[in-house]
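Okay, everyone, thanks for coming. Let me put the sequence and the model up, and then I'll walk you through a few spots.

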Amino acid sequence: QVQLVESGGGLVQAGGSLRLSCAASPGTFIVYAMGWFRQAPGKEREFVGAIMPADSSSYCSDPRFIISRDNAKNTMYLQMNSLKPEDTAVYYCAARFGHDLATLKDQYAYWGQGTRVTVSS
C-alpha cells in the first residue's frame with residue numbers, strides 16, 4: 001500500500017520561499033509517478049507538478065516551482081520560490097501507476113492528507 005505524508009507548510013511572507021516534503025512508503029518511486037496538487041478555499045484542486053519514475057524527469061506548471069526527489073530518503077520535494085498570496089492553499093502529494101504526464105486529480109490513486117501554506121502580503 002502506498003502511504004504519503006506531506007510536511008513543510010506554514011506561514012511565509014510574500015516573496016519568500018518554502019520547501020515542501022512528501023515522505024512515501026519504501027519502493028513507491030520505483031513504479032509510481034508522483035505529483036503535487038494544491039487546493040485553495042472555494043477552488044478546484046489543481047495540478048502543480050509531477051515527476052516520473054526511473055529517469056526522474058519532472059515538470060511544474062509554474063517556473064517559480066521545482067519538483068525533485070531523493071530516492072534514498074523516499075522523499076519528494078516541492079521547492080517554491082517568490083511566493084505570492086495567491087499561492088495560499090493546502091498542498092497535496094499524490095501517486096499514480098504510470099510513466100506519462102498526468103495533470104488531472106482523478107488520474108491519481110493515492111493521496112496524502114495535505115500541508116497548509118499561507119502567504120501573507
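This is a predicted model: local features need pLDDT of at least 70, side-chain atom pairs count only at pLDDT 80 or more; totals for chains, interfaces and linings use all residues.

Let's start at N74, which sits in the loop between strand 7 (65-70) and strand 8 (75-80). Residues are numbered from 1 along each chain as its sequence is written, and side-chain values use heavy atoms, with hydrogens and water left out.

So what is the phi of N74? Near 55°, a positive value in a residue other than glycine. For context, most residues other than glycine have a negative phi. S82 also has a positive phi, about 50°, and is not a glycine either. You'll find S82 in the loop between strand 8 and strand 9 (89-97). S82 counts as partly exposed because its relative accessibility is 41%; the cut-offs are under 20% for buried, over 50% for exposed and partly exposed in between, using a 1.4 Å probe and protein chains only.

Okay, zooming out. The protein chain has one helix and 11 strands, and from the N terminus the order is β-β-β-α-β-β-β-β-β-β-β-β. The C-alpha trace spans about 40 × 30 × 25 Å along its principal axes. Of the 121 residues, 46% are buried. Now contacts, meaning heavy atoms within 4.5 Å: take those between residues at least 6 apart in sequence, and 59% of them join residues at least 24 apart.

Now the arginines. R69 is in strand 7. Is R69 buried or exposed? Buried, because its relative accessibility is 14%. Who does the R69 side chain talk to? One of its polar atoms lies 2.7 Å from the backbone oxygen of M52, and there's a polar contact with the side chain of N71 at 2.9 Å. A polar contact here is a pair of N or O atoms within 3.5 Å; within protein, one must be able to donate a hydrogen and the other to accept it, and residues adjacent in sequence count only if both atoms are side-chain atoms. Leaving aside neighbours within four places in sequence, R69 is in contact with a list of residues including F29, I51, P53, T75 and Y77.

R96 is the other one, over in strand 9. With 11% relative accessibility, R96 counts as buried. Its side chain reaches the backbone oxygen of Q107 at 3.3 Å. Not counting residues up to four places away in sequence, R96 touches V31, Y32, A33, A102, Q107 and Y108.

Then there's D100, whose side chain joins that of R96 through a polar contact of 2.9 Å. D100 is in the loop between strand 9 and strand 10 (110-111), and D100 is partly exposed, with a relative accessible area of 45%. Where does I51 come in? D100 and I51 are 49 residues apart in sequence, yet their C-alpha atoms are 9.5 Å apart in space. And I51 is one of the residues in contact with R69.

That's my tour, so over to you.

Terms used:
Helices (H or I, at least four residues) and strands (E, at least two) are DSSP runs, numbered from the N terminus.
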